[in-house]
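I opened the model to go through it place by place. These are my entries, in the order in which I looked things up.

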Amino acid sequence: MINEDRVTELKKISNEIRKSLISALAEAGSGHTAGALDMADIFTALYFHLLKHNPKDPLWADRDRLVLSNGHICTVQYSAMAHAGYFPVSELKTLRKFGSRLQGHPWREFLPGIETSSGPLGSGLSQAVGMAIAGQIDTGNRRAISSRRPVQKTIYCLMSDGELNEGNTWEAVMLAAKEKLGNLIAIIDKNGIQIDGFTKDIMPTDSIADKFRSFNWYVEEVDGHDIKAFIDLVEKIKTAVASVAPEMRKPVAIIAKTIPSKGVPEWEGKYEWHGKAPTKAEAEMAIKGLK
Amino acid sequence: MHEIINLNENLFETDVEKETTRKGVSEGLLLAGQADPRVVVLTADLADSTGVGEFRNKFPERFIDVGVAEQNLVTVASGLASAGKIPFASSYAVFNPGRNWEQIRTTICYNNQPVKIIGSHGGVTVGADGASHQMLEDVALMRVLPRMIVLSPCDAIETKKAIIESAKIESPVYIRTDRDKTPIITSQVTPFEIGKARIFFKPKVGIRADVGIIATGPLLYEALLVAKELSEKGKNVKVLNISTIKPLDRDAILLLAHEAKALVTVENHQIAGGLGSAVAECLATEYPVPIEFIGVHDAFGQSGTPAELIKHYSMTKKDIIQAVNKVVLRKN
Ligand SMILES: Cc1ncc(C[n+]2csc(CCOP(=O)(O)OP(=O)(O)O)c2C)c(N)n1
Ligand SMILES: [Mg+2]
């Protein structure tokens, strides 16, 4: 279990990540705000505590993989990566501009540390499944033997509730269960919004947990803003997976309940902030509130 | 015969009006929906950004939001068409027809169902969202399908007409739109027919064109500026607006090829498989002349402003002028 001092530290970091992403969006003049803000706590937990990675050597072979399937919220990933030391925080002001490594939607070849290009929804999980199967092959976990081999790399796939609408997502969900991908953790941002409105009105997906369970996944639900609960949960799951034989393993879905635009009360809960950037004045107001 | 085409009177003014082509989609769908109760509209979580939100507000019982699910979008549309409806299925072109191409091929074209596909965000002019959202291959993908009619209107007004005319024909149709506001080139009374190309700029009566520019979509505006500028310098250019890429108006293209004996094609799309390819296919068998192609040369787009990207991918006025000068030298 993570200690309280560390949690306090992480909360400070997530606050900084929020501030930086708000300024970056305001500077860009376009982009996606709601989902980026609501995933700031989880990105902090990943980049500053859970991920096995090296910002100075982004292509380190033994790193965990983080696949961002809902690429439109990339500003939170860029902000977390900058604060983690992948590139200078000052580079965030080039977001979405001509010649920037920080493309409007992440482009793998532009920025080392981005595992796959994304933006078009519903194809991240399949790629994560591919990476996880490769891991199973490499560790010998795919052969029908019952020796307990450790999971060496974890593949994290960050997804949105909107992209659960895509058929491709469910094709990957089925395959992951068939392949018993204990090295795969999908984290779903259940913020209840998509572009045209609330998910309950545009395409109801509840119960997400029941759906994944019936597809033979291991499912947990968590408050996506409770950094401690999230980290403890992931660590508990990883220990549990390692203790069971490969043929008994299951892919893991963590459903993170979040509040769109979390951290800026004026914008919270509103789907209108899905694809809108703050003006400079709005950004200033928001950043003041985050002090 | 000299047809009166009545373009926008302010076309060559610096303050030419601009409008999004999705506004044309919006107005066209309202009129088509009023005229024919069989018209239904579908989207995949992109109602307002593709211009179908007004139809949703006005005719909620004839509107279906399928969520972020483009394969479902067009296959449901096919089912609706088979039950007597006239469906318009709208999303970003990268996904529709990018993601759901085989479904369009089989359930719409092969089944011969009159579904109308609206693909918005065509070209690098999408801007800051970057390459993943800038569709540069849709014309190629749609042009290659039997029975599919491919429309690429040049402005909001022509888009409105394209929507209205599509609703009236018993055929699958693809309609490509842009993202940003683009100059208004035509007027409400400019004639529009599916399958017909029109000359939008020509030298004075009795003067032969030295070069023909064949353009499609909002980049037509750049071509018109080039023609005007060159005509002031004594070079005679004719500009043909191709709003229907398939079926191609072969007569209009052949007529221009015979007259100018050198052509430049202009499109905000990959060179491979787009308008330029269609023109080259037509001329190769009938009357080959030198052609220069303006468009994207086997590359992806990237983030930037529309102006920066048009420049980076060599589709500006200056690039068109260079192509004109080059193609003239290739005449024999
Ligand atoms: C395949 C595909 N179709 C459509 C889009 C356009 N789009 C971008 S975000 C989005 C909404 C999806 O909902 P969600 O990811 O839950 O958004 P958020 O919670 O961040 O607002 C849509 C439809 C896309 N990016 N990819
Ligand atoms: Mg959402």
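Where does ligand 1 lie? I found ligand 1 between chains A and B.

Conventions first. The model is predicted, and I took local features only at pLDDT of at least 70 and side-chain atom pairs only at pLDDT 80 or more, while totals for chains, interfaces and linings use all residues. Residues are numbered from 1 along each chain as its sequence is written, chains are lettered from A and ligands numbered from 1 in the order in which they are written, and side-chain values use heavy atoms, with hydrogens and water left out.

**Ligand 1**

I listed 21 residues around ligand 1, the closest being A:His72, A:Ser160, A:Asn191, A:His274 and B:Glu70; a residue counts if one of its heavy atoms lies within 4 Å. I sorted this shell by class and got seven nonpolar, nine polar and five charged residues. For the classes, Ala, Val, Leu, Ile, Met, Phe, Trp, Tyr, Cys and Pro are nonpolar, Asp, Glu, Lys and Arg are charged, and the others, Gly among them, are polar.

I then looked up polar contacts, which here are pairs of N or O atoms within 3.5 Å. From chain B, an N or O atom in the side chain of B:Glu70 is 2.5 Å from a nitrogen atom of the ligand. From chain A, a polar side-chain atom of A:His72 lies 2.7 Å from a ligand oxygen, and a backbone N or O atom of A:Gly119 lies 2.9 Å from a ligand nitrogen. On its own ligand 1 has 590 Å² of accessible area, and the protein covers 99% of that; the areas are Shrake-Rupley values with a 1.4 Å probe.

**Two helices**

Helices (H or I, at least four residues) and strands (E, at least two) are DSSP runs, numbered from the N terminus. I checked H9 of chain A, residues 227-242: its 16 residues reach 23 Å from first C-alpha to last, close to the expected 22 Å. The expected span is 1.5 Å times one less than the number of residues. Buried residues of H9(A) include A:Phe230, A:Leu233 and A:Ile237; buried means under 20% relative accessible area, exposed over 50%, and partly exposed in between (1.4 Å probe, protein chains only). Among the elements covering them are helix H1 (4-28) and strand S5 (252-257) of chain A.

In chain B, the twelve residues of H10 (275-286) reach 17 Å, close to the expected 16 Å. B:Val279, B:Cys282 and B:Leu283 are among its buried residues, and the cover includes strand S13 (263-270) and helix H9 (250-260) of chain B.

**Loops of chain B**

I noted two cis peptide bonds. The one from B:Asn96 to B:Pro97 has omega near 25°, and B:Pro97 is in the loop between strand S4 (86-92) and helix H5 (101-110). The one from B:Lys246 to B:Pro247 has omega near -5°, in the loop between S12 and H9.

I also noted positive phi at non-glycine residues. B:Arg147 has phi near 80° and is partly exposed at 46% relative accessibility. B:Asp298 has phi of about 50° and is exposed at 77%.

Last, I looked at B:Arg38, in the loop between helix H1 (21-35) and strand S2 (39-43). B:Arg38 is partly exposed at 37%. Beyond four places in sequence, B:Arg38 is in contact (heavy atoms within 4.5 Å) with B:Gly84, B:Lys85, B:Ile86 and B:Glu170.

Note on methods. A polar contact is a pair of N or O atoms within 3.5 Å; within protein, one must be able to donate a hydrogen and the other to accept it, and residues adjacent in sequence count only if both atoms are side-chain atoms.
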